[in-house]
Amino acid sequence: MGHAQNREYSQRDYHAIERDGEDLISTHCCFCGMQCGMNIRVKTETKEVIGVEPRYDFPMNGGRLCPKGVAAYRQAEHGERLLSPLIRKNGELVKASWDEAMELIVSKIQEVQAQYGKDAVGVYSGSSMTNEKCYLMGKFARIGLGTKNIDYNGRYCMSSASFGFNQSVGIDRGSTNPWSDIKSADVLLLAGSNTAECHPLSMPYIWGARDNGAKLIVIDPRQTKTALVADIHLDIRPGTDVALANGLLHVMIEEDLVDYDFINKHTTGFEKLKELVKKYTPEYVSEITGVSAEKIVSAARIFGQSKNGMAMFARGVEQHATGTDAVSTYVNLCLVTGKIGRKGSGFATFTGQGNGQGGREHGQKTDQLPGFRKITDPKAREYIAGVWGVDESEIPGPGLSAFEMLQALGSEIKLLILACSNPIVSSPSVAHVGDYLKSLDFFVAIDMFLSESCELADVVLPSTVWVEDDGTTTNVEGRVLRLRGIDRTPGESRRDWEIICDLAERLGRGKYFKYDKPEDIFNELRVASKGGIADYYGITYEKLDNMQGVFWPCPTEESEGMPRLFEDLKFNFPDGKARILAFEHKGPNEKISEEYPIFLSTGRVVYHYLSGNQTRRIESLLNFCPDPYVEMHPNLAKKYNIGNGEMVKLSSARGSIEVVAKITKIIREDMVFVPYHWGKTLAINHLTNPALEPNSKIPEFKVCAVKIEKKAEIVGVKHG
Ligand SMILES: Nc1nc2c(c(=O)[nH]1)N[C@H]1C(S)=C(S)[C@@H](COP(=O)(O)OP(=O)(O)OC[C@H]3O[C@@H](n4cnc5c(=O)[nH]c(N)nc54)[C@H](O)[C@@H]3O)O[C@H]1N2
Ligand SMILES: Nc1nc2c(c(=O)[nH]1)N[C@H]1C(S)=C(S)[C@@H](COP(=O)(O)OP(=O)(O)OC[C@H]3O[C@@H](n4cnc5c(=O)[nH]c(N)nc54)[C@H](O)[C@@H]3O)O[C@H]1N2
Ligand code: SF4
Ligand SMILES: [Mo]
């Protein structure tokens, strides 16, 4: 032991320890978009999951895992897994056979579609599923059910980045560069990303850059663990990123820190931007954003003077009613300084869910067909119809986006199939979402744990956990990866793709859904994506096994993929030029008022994942963070006479919750912050604003107006 402790290991010296009677299954984490490599330890004979080890061979995480990654395997043997289908009888969900459950679903689908038309069935799915499953959901909705109404939880997540990237450079790959490039940047600008808690294994890359002398600029209303180590922290007022980025552009243009040669050769729109940002002086921007003028000038100088640099952002920038404007305005920082197309220069959004990237490429979105094709494009429709073996007229057009679909439940949509999402926790204004779900004629949910949404369903179907299936995901870099599964399906559980194919068969559409294994689906996806923007044609399971993943586009079998985009400085528009776009600051959809004088922002903690339906069941994670809380600055707390740990009632125009106060100097005085990983009475989404971004249809999760009351006083008033 002493020897092992004293030895200086390099990453490569580590190997997962092989033991008799046990197997190591090489796969990737089920949680965030980093998709860290891990080995799942399994008993050979019983196939019981007994542990996890990080993979040392996978470059992204090189032998490390974060607290969620370490605990993820505990889902596999969890006592609360759904092990048989459930049907609602006399108000209760009771065990049923697959035949009974599936026949009931099929008869309800047929009934609803006969009475109200095909589009009265909606499909709402999620990007924690593999590429194979996400692709299948899109295909199943269009030609299994014949409905136009399919959308997914990524609408709440990456959709503003997606639209913003498309309008600026014509391609939506979360990162223009491989993560290894981060270490070569001279400056990193992180906006609205709590990297240390939400993409923890990105931190070694950021440290690496700093070790090489890079400066770190963090733009966040809170001094997050990421902001703590920044050279400059711009503590922005929520909802004002467009103004801030315009301010940075103003200073860079005024001080001649832009690259005119690059602008002239490779972009359009600069003159308009230059004109627009004239009025965004540091002083004016300081008034809007609450960030001091000096800091704005310093940040602009650091970014402008650095040779190489990356602008990176996440939901803090995107989950706003002006989220796509903000994304493109931050992308402008790279375009006006020519920081793109080489090592250490580019931009990225931190992909949220494990397959947040792949899940938005292959037809799970209502306006999209596989390979990032537009569903309204006649050529794309013709091509995909050929791949699917149907007539082009059989593919419906675009339907409703995720939140619009929820709003249409009970009216336009009578039957909902929900897979891999928990919208009664994760949607804005959740009290209304509960009403919408209850107004359905029939509601089917597919999950491996009974979520708050499943509790409202008429039929719940038990799926498997991620380590029980093969497949692929696409990570934050645009790298397609291979997941390997254990050959087991506990109890009566089934894999999502098997459930969907069975349903298609029973609906009489089985001939379009004949697959023996995920690889068969992937091989069809390859062809479906061929010639599209996200071209996977050249990616095979074999290549993925041999190469630690492949970056798309990968159009031919000879191709090894494209880790870095735009090296030829050709952007994806007919003239090859990137679009510099100019947007005015508009601010949040909901303004603070006398009645609701404080901003509320919502987000995450390192120990929990999204709606919490997975991580709230893992004791080691729950113990670290059992309940939600409200972060507030001491000066704000003093105003309301609130002490640390006291109960506080928070209310917006839509609803209220009671949470414990966590008094901390890391947050601005004019706002509060609450993590959103809890359901029912603890869901902060009772308060959030359902206003949608007009282009991406993302809800404005990151800012609304609230009031604060001390709980003790509320009780006093009630009784007094
Ligand atoms: N631990 C953990 N990790 C996760 C997840 C999880 O649930 N838990 N979820 C995954 C998913 S799906 C996602 S989408 C990502 C999310 O990853 P992030 O976007 O990094 O996480 P959030 O906490 O939602 O928000 C990030 C930051 O935005 C800041 N912010 C709020 N309003 C504004 C604003 O107006 N402007 C700016 N500039 N910043 C603002 C918040 O203070 C917060 O620190 O994380 C992924 N990783
Ligand atoms: N207030 C507020 N609300 C937010 C956000 C915010 O920052 N603030 N962020 C938004 C963002 S970025 C996101 S991504 C959404 C996410 O919101 P949701 O989509 O509701 O998130 P999850 O908790 O991942 O829901 C996934 C569900 O599917 C199950 N599941 C996991 N894997 C699988 C699988 O492979 N198959 C099946 N069938 N089921 C599976 C899980 O148990 C869980 O119940 O929340 C959004 N809501
Ligand atoms: S950083 Fe993300 S992918 Fe890596 S272990 Fe943590 S949750 Fe999993
Ligand atoms: Mo997300």
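Three cavities of 30 Å³ or more are present in the structure, which is a predicted model. The second largest cavity holds about 100 Å³ of space. Its lining comprises 13 residues. Nearest the centre of this cavity lie C29, C32, M34, C36 and C66. Nonpolar residues account for ten positions of the lining. Two polar residues and one charged residue complete the lining.

The location of this cavity follows from the domain assignment. Four domains are assigned: domain 1 (22–75), domain 2 (86–156 + 355–551), domain 3 (159–349) and domain 4 (598–710).

A helix pair was examined next. Helix 11 spans residues 282–289, and helix 12 spans residues 293–305. The two helices pack at an angle of about 115°. Their axes are 8 Å apart. The crossing of helix 11 with helix 12 is right-handed. Helix 11 contributes P282, E283, V285, S286 and T289 to the contact. Helix 12 contributes A293, I296 and V297. By class, this contact has five nonpolar, two polar and one charged residues.

Note on methods
Residues are numbered from 1 along each chain as its sequence is written. Chains are lettered from A and ligands numbered from 1 in the order in which they are written. This is a predicted model: local features need pLDDT of at least 70, side-chain atom pairs count only at pLDDT 80 or more; totals for chains, interfaces and linings use all residues. Side-chain values use heavy atoms; hydrogens and water are left out. On a 1 Å grid over the protein atoms alone, a cavity is a set of points where a 1.4 Å probe fits but cannot get out, and a pocket is an open set with protein on both sides within 12 Å along at least five of seven lines; lining residues have an atom within 4 Å of a point. Grid points are joined across faces, edges and corners, and a volume is the space filled by probe spheres set on the points. Ala, Val, Leu, Ile, Met, Phe, Trp, Tyr, Cys and Pro count as nonpolar, Asp, Glu, Lys and Arg as charged, and the others, Gly among them, as polar. Axes are lines fitted to C-alpha atoms, for helices over the stretch in contact, and angles run from 0 to 180 degrees between N-to-C directions. Helices (H or I, at least four residues) and strands (E, at least two) are DSSP runs, numbered from the N terminus. A crossing is left-handed if the near helix is turned anticlockwise from the far one by less than a right angle, and right-handed if clockwise. Contact means heavy atoms within 4.5 Å. Domain bounds come from an automatic or database domain assignment.
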